[in-house]
Amino acid sequence: MSKKLLLLFALILAACGQGNEPLTSGIEVQVFVGPMCPVVQVGVECPDQPYQATLTVLNMGGKEILQFETDEDGTHLVNLPPGDYVLRPESPQGSLPYAGEQNFTVLPDQITQLIVVYDSGIR
């Protein structure tokens, strides 16, 4: 490969990386599902478990902004501009587990922490 072609390739790669803006505002989501035990007993812990879920971010007018899936540990970090939003947890086939929508605000240069708890339906 010629030196000019290698230089051109290096410049193209460098230019591609310049469009990535650092995460300065957005949300950090942590998702759980519970209860996980059919019978809760005094002195026996039964914590909610991390849950991999699909979540949708809407603007306050109900328009979908983006949809994402959390990692296996139930977490995800999303870059969002400052503003007011609605987080809609998606349920498989519209059934259990289920979690309700929540309104949230992203402030400039801040990461908003959100916790979503899906109801497993176990009682």
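Among contacts in the protein between residues at least 6 apart in sequence, 56% link residues at least 24 apart; contact means heavy atoms within 4.5 Å. The model is predicted: local features need pLDDT of at least 70, side-chain atom pairs count only at pLDDT 80 or more, and totals for chains, interfaces and linings use all residues. Residues are numbered from 1 along each chain as its sequence is written, and side-chain values use heavy atoms, with hydrogens and water left out.

**Overall make-up**

- Helices (H or I, at least four residues) and strands (E, at least two) are DSSP runs, numbered from the N terminus.
- Along the sequence the pattern reads α-β-β-β-β-β-β-β-β.
- Of the 123 residues, 27% are buried. Buried means under 20% relative accessible area, exposed over 50%, and partly exposed in between (1.4 Å probe, protein chains only).
- The exposed surface comes to about 8,300 Å². Carbon and sulfur atoms supply 56% of that surface. Accessible areas come from the Shrake-Rupley method with a 1.4 Å probe; for residues, only the protein chains shown count as cover.

**Strand S1 and its partners**

- Strand S1 covers residues 26–34. Seven of its nine residues are buried, so S1 is largely enclosed by the rest of the structure.
- S1 pairs with S8 in the parallel sense, through nine bridges. Two strands pair if DSSP finds at least two bridges between them. Val29 has Leu114 in S8 as its bridge partner.
- S1 also pairs with strand S5 (residues 75–79), antiparallel, over five bridges. Here Ile27 stands opposite Val78.
- Strand S2 (residues 49–50) is another antiparallel partner of S1, with two bridges. Phe32 stands opposite Pro50 in S2.

**The open four-strand sheet**

- Four strands form an open sheet in the order S4-S3-S6-S7, with antiparallel pairing.
- Strand S4 (64–69) and strand S7 (102–106) are the edge strands, and each pairs on one side only.
- The twist averages 30° from one strand to the next. Axes are lines fitted to C-alpha atoms, for helices over the stretch in contact, and angles run from 0 to 180 degrees between N-to-C directions.
- Within this sheet, S3 (residues 54–59) and S6 (residues 83–89) run antiparallel and are joined by five bridges. Leu58 has Val86 in S6 as its bridge partner.

**Thr112 in strand S8**

- Thr112 lies in strand S8, which spans residues 111–119.
- Thr112 has a relative accessible area of 17%, so it is buried.
- Leaving out residues up to four places away in sequence, Thr112 touches Gly26, Ile27, Glu28, Thr105, Val106 and Leu107.

**Val116 in strand S8**

- Val116 also belongs to strand S8.
- Its relative accessibility is 1%, so Val116 counts as buried.
- Val116 and Phe32 are 84 residues apart in sequence. In space, their C-alpha atoms are 6.3 Å apart.
- Not counting residues up to four places away in sequence, Val116 touches Val29, Gln30, Val31, Phe32, Leu87, Pro89, Ala99 and Gln102.
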